[in-house]
Amino acid sequence: MIESAVEFIKSKITGDFEIGIILGSGLGTLGEKIENSQYVDYADIPNFPVSTAPGHVGRFVFGQLNGKNVMCMQGRIHLYEGYEVSSVVMPIRVMKMMGVKKLIVTNAAGGINENFDVGDIMVISDHINFTGRNCLIGRNDDRFGVRFPDMSFGYSPELSRVAFNCAKRLNMKLQKGVYIGCTGPSYETPAEIRAFRIMGADAVGMSTVQEVIAANHCGIEVLGFSLISNKAAGLSGERLTEEEVLTIGRQKSEEMQTLITEIVGEI
Ligand code: HPA
């Protein structure tokens, strides 16, 4: 299935794409900054899952960003849409077969760390997979990676260092912390958030962890960013809404784009 998807994409697009980017909720506009862009809709790719989440377009954008060939997902696949984990990570394996060596993942997340403000950008230092699933369960495909992949450096310390250097140059503030991934689609309860804080999580969201496991499995280095779009459940006294998540994404997308563009030039 992955091979036929890659074959289809290669029949439309030529070139080598060393850097992959996944754009999260409300952050999709970076796709418009890509030069010489060529698009492939997920819906046209054989066997490919289609993203149905709000704020997600559902296509690959191929082209150049800051002089580098990039392959960008404008819209990702989430477990809460009802897809199997294998579908959630299929795009990662497609990226691998298109030549991707480094992956930048972005998401919107609720802030658990009390020092985080809405609108902050957090470099993901590590994650807690709280989805109760793992995309590598089942027979291992040795062509992609080993049976028991190490996750000690799941989020590349080198790439994170590049991110902090770029942010300094751009005079941008960056936070750093642990992302806990849940399935959603209900937001967490205040009791869950209190528990997650004790577990060591700084931000919570409904994506990313399976993609990062699959990327590590097949030897792709990962840099992750969470845009803190709201305070996590129970921390602000207000109800959580999808609108605020998308609004903050739109407000901060310019800054996120500037940062990612700078980083892409360096890696
Ligand atoms: N919880 C889970 N996912 C999210 C949140 C949140 O508070 N904000 C944005 N995505």
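Two cavities of 30 Å³ or more are present in the structure, which is a predicted model. The largest cavity has a volume of about 70 Å³, and the second largest cavity has a volume of about 30 Å³. Q257, a residue of helix α6, is among the residues that line the second largest cavity.

**The largest cavity**

- The lining of the largest cavity is made up of 13 residues, of which L79, M206, S207, T208 and Q210 are the closest to its centre.
- Helix α5, which spans residues 209-217, supplies the largest share of this lining, with three residues.
- By residue class, the lining of the largest cavity comprises six nonpolar, five polar and two charged residues.

**The second largest cavity**

- The residues that line the second largest cavity are L23, L27, L30, S253, M256, Q257 and I260.
- Helix α6 gives the most to the lining of the second largest cavity, contributing four residues.
- Five nonpolar and two polar residues make up this lining, and no charged residue takes part in it.

- Q257 lies in helix α6, which covers residues 242-266, and it counts as buried because its relative accessibility is 5%, where the cut-off for buried is under 20%.
- Once its neighbours within four places in sequence are left aside, Q257 is in contact with T29, L30 and K33; of these, L30 also belongs to the lining of the second largest cavity.
- The side chains of Q257 and K33 are joined by a polar contact of 2.6 Å.

Notes:
Residues numbered from 1 in each chain as written. Predicted model: local features only at pLDDT ≥ 70, side-chain atom pairs only at ≥ 80, totals over all residues. Heavy atoms only, no water. Helix = DSSP H or I, 4+ residues; strand = E, 2+ residues; numbered from the N terminus. Buried < 20%, exposed > 50% of the residue type's maximum accessible area, 1.4 Å probe, protein only. Polar contact = N/O pair within 3.5 Å; in protein donor to acceptor, adjacent residues only side chain to side chain. Contact = heavy atoms within 4.5 Å. 1 Å grid on protein atoms, 1.4 Å probe; cavity = no way out; pocket = protein on both sides within 12 Å on 5 of 7 lines; lining within 4 Å. Points joined across faces, edges and corners; volume = space filled by probe spheres on them. Nonpolar A, V, L, I, M, F, W, Y, C, P; charged D, E, K, R; others polar.
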